[in-house]
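Good morning, and thank you for coming. I would like to take you through one protein model step by step.

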Amino acid sequence: MKYNSMILSFAALLSLAGCKDDGQVGSIIQPEEDLLHAYSGMVNLPSASILVDSTLSKSDAMYLGEYTDPVFGTTKVEFMSQIDSRIDGLVFPNTAVVSYMSTTSGILDSLLQTLDSKFGKITKIESPTNVVVDSAFFEMKYGDSFFGDSMALQAVSVYALNEDLSKSQLYYTDTKVSDYCKKDTLLGSLSYQIQKSRTIRVPLPLDYVNRLVSVYDSTSNVKTQAQFDKMFKGVYVAHSFNGGGIITIPVAGFHIFYRYDALLKTTYEGRDTVVNTAKLKDVNGNRISILVTDLFLSANKSVARVNVVEHDGLTDIYQSLPNDFTYIFAPAGIYSKVTIPLNTIKDSLLENVSDISKVMFNSARLKIWAKNLEWKTDLKKTPYNYLLLVPRDSVVPFFAKNKTPDGITSFIAAYDTSSCAYAFDVTKAMQMEFKGAQKLEGDMVVIPVNRTVADMTYTSYVYTYSQVFTTSATRFLSSESEEESKRPRIDFVYTRRE
């Protein structure tokens, strides 16, 4: 049976081989109305640079400093912030007992052994009293995250805010500091050089800090973050003196060093005992304070924070930029814009189809080419890792609502080092546009973004997107560039069904 089946199959193939194809592949067995015809097209896009008066001040970090660039002029960045009181979960003073292996702050269990080796481990700290603040600072940690002249001497001042910030309110980079701070309460000031330390500590007045610490007394009426914010509205961190550089500050806040007394449960020569630290003295009879620790109240993302940006003279600089490029200048300076010419794309389609509703887009890529050679600017000269393409009036809602690119109204592209270009996949949006399912905006802006992994599964990643706030710039070949092959454009491949 198997042998006979093979003979029949071979005979059938011979009969098919004898047929003639009078046109397209499949025309013998496929009805004319089901035939697919494939085409490709390309449409250039008008592009330009646009001046940005402000952007949403929403960032994972705070920024401080001033820098003058030979192309884009002077940029100054300062910030205002509330302070996270940690009042719902903080135990003050800290009576936690920890070991050398612990990563949690507290009192070391072997502390008494440094005074007398006959003491055992501390097992419990009870009845804390006599809390005394030794010193306090407004502390800013920036690591290696800075830009500019590390040798330049700069200065910072920290002021108490007079008016409330609100976590529920949207703030922009052109927020007026004078609406929130009168500069009538200077908490501290300091001169610094970026290279000298990766931490800037501005000393705070002890009377202010003692008032803050009193909030954590058992008799205090302050029980919530909102009540704390009424007493300590936050800080304005101002830059002054010299435009040397700008630092990125992921961590900032009040760092308070203090000591206290308490009863320590321990052993002495193996026997249970209790040590009252208020009675400890050295060999000369002088009082010893061994319970010394610290408290950090941070300006983190759980409270309201505002980065305030100023670009001195940028309007005049923007008007003098050459038209053969478009630019991005961050933060809150210049965007690049491309215009999607829907009528031109429609005319291109109608050259090959009579009914646009029968068009199916297989691929559509919006491309822009970066140009990073022969820059006079001192800012970042390499292109951004990721760019976001959105309608201009959708920029604020996108970041305020923590959206992700959907391929319909917002698009993401990674920089391709081999072609020096970004390619935004607009296939789905183009298909919906010409099926009448949506109205694709004509003017779209290109914005640099950071992309971070928010969640990860075995099969996929979930990303979050935030605007780039580091002082940086790049440029792109424009629609007026002499390099015609690298002008902004949409390349598309589509099929039509007869």
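I shall speak about confidence, then a pair of helices, then the cysteines, and finally one serine.

Please keep in mind that this is a predicted model. The protein chain has an average pLDDT of 89, and 91% of its residues score at least 70.

Let us turn to the helices. At what angle do helix H5 and helix H7 pack? Helix H5, residues 342-350, and helix H7, residues 427-434, pack at an angle of about 80°, and their axes lie 12 Å apart. Angles from 65 to 115 degrees count as roughly perpendicular, and H5 and H7 are therefore roughly perpendicular to each other. On the H5 side, the contact is made by Leu342, Ile345, Lys346 and Leu349; H7 contributes Met430, Glu433 and Phe434. Of these residues, 5 are nonpolar, 2 are charged and none is polar.

Next, the cysteines. A disulfide is a covalent bond between the sulfur atoms of two cysteines. This structure holds 0 disulfides. Cys181 is buried, with a relative accessible area of 5%, whereas Cys420 is partly exposed at 29% relative accessibility.

Finally, is Ser150 buried or exposed? Ser150 sits in the loop between strand E8 (146-148) and strand E9 (154-160). Its relative accessibility is 19%, and buried means under 20%, so Ser150 counts as buried. Leaving aside residues up to four places away in sequence, Ser150 touches Gln193, Ile194 and Gln195.

Thank you for your attention.

Technical notes:
Residues numbered from 1 in each chain as written. Predicted model: local features only at pLDDT ≥ 70, side-chain atom pairs only at ≥ 80, totals over all residues. Heavy atoms only, no water. pLDDT = per-residue confidence, 0-100. Axes fitted to C-alpha atoms, helices over the stretch in contact; angles between N-to-C directions. Helix = DSSP H or I, 4+ residues; strand = E, 2+ residues; numbered from the N terminus. Parallel < 35°, antiparallel > 145°, perpendicular 65-115°, else oblique. Contact = heavy atoms within 4.5 Å. Nonpolar A, V, L, I, M, F, W, Y, C, P; charged D, E, K, R; others polar. Disulfide = S-S within 2.5 Å. Buried < 20%, exposed > 50% of the residue type's maximum accessible area, 1.4 Å probe, protein only.
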